[in-house]
Amino acid sequence: MSEFKRIPPEQVQALRENGAVVVDIRDPQSFAAGHISGSQHLDNFSLPDFIAKADLDGPVIVACYHGNSSQSAAAYLVGQGFSDVYSLDGGFELWRSTFPQETASSQPD
């Protein structure tokens, strides 16, 4: 695959169940407040390490707020050699309303 694909939350869930990696590119505070369970925060600081350790052929799903910024990030990962990249349509906001039970937070209540 030379381009990323935009997919809905239901398809993301199916890919997650088969071992896809989910990366969240929102700001650290938003990620801490709530994110897709099992996802990892990805920013300019963690990106080089992520690329170095990642399976370039494994599925990677990029999430942002509403599904816009994730498209640029997904295209960037394709450019870095990733071959199976997806952008979450509707972003975390749609995910949270579709799969609230699959949402975690990193901060104390």
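The legends below describe close-up views of a predicted model. Local features need pLDDT of at least 70 and side-chain atom pairs count only at pLDDT 80 or more, while totals for chains, interfaces and linings use all residues. Residues are numbered from 1 along each chain as its sequence is written, and side-chain values use heavy atoms, with hydrogens and water left out.

**View 1. The buried side of helix α1.** Helix α1 spans residues 9–17. Helices (H or I, at least four residues) and strands (E, at least two) are DSSP runs, numbered from the N terminus. The buried residues of α1 are Pro9, Val12, Gln13, Leu15 and Arg16. Buried means under 20% relative accessible area, exposed means over 50%, and partly exposed lies in between (1.4 Å probe, protein chains only). After α1 comes Gly19, with a positive phi near 95 degrees.

**View 2. Gln13 and its surroundings.** Gln13 is a residue of helix α1. Its relative accessible area is 11%, so Gln13 counts as buried. The side chains of Gln13 and Arg16 make a polar contact at 2.6 Å. A polar contact is a pair of N or O atoms within 3.5 Å; within protein, one must be able to donate a hydrogen and the other to accept it, and residues adjacent in sequence count only if both atoms are side-chain atoms. Leaving aside neighbours within four places in sequence, Gln13 is in contact with Trp95, Phe99 and Glu102. Contact means heavy atoms within 4.5 Å.

View 3. Asp89 and Arg6 form a salt bridge, and their closest N and O atoms are 2.8 Å apart. Asp89 sits in the loop between β6 and α5, whereas Arg6 is in strand β1, 83 residues apart. A salt bridge is a side-chain nitrogen of Lys or Arg within 4 Å of a carboxyl oxygen of Asp or Glu. Asp89 is partly exposed, at 22% relative accessible area. The structure holds five salt bridges.

**View 4. Salt bridges within helices.** In helix α3 (residues 47–53), Asp49 and Lys53 are four residues apart, which means that about one helical turn separates them. They form a salt bridge, with 3.3 Å between the closest N and O atoms. Asp49 is partly exposed at 42% relative accessibility, whereas Lys53 is exposed at 67%. In helix α5, Glu93 and Arg96 are three residues apart, about one turn of the helix. Their salt bridge has its closest N and O atoms 2.5 Å apart. Glu93 is partly exposed at 31% relative accessibility, and Arg96 is partly exposed at 38%. An α-helix has 3.6 residues a turn, so residues three or four places apart point the same way.

**View 5. Strand β2 and its partners.** Strands β2 and β5 pair in the parallel sense over four bridges. Two strands pair if DSSP finds at least two bridges between them. Val22 stands opposite Ile61 of β5. β2 also runs parallel to strand β4 (residues 40–41), joined to it by two bridges. Asp24 has His41 of β4 as its bridge partner.
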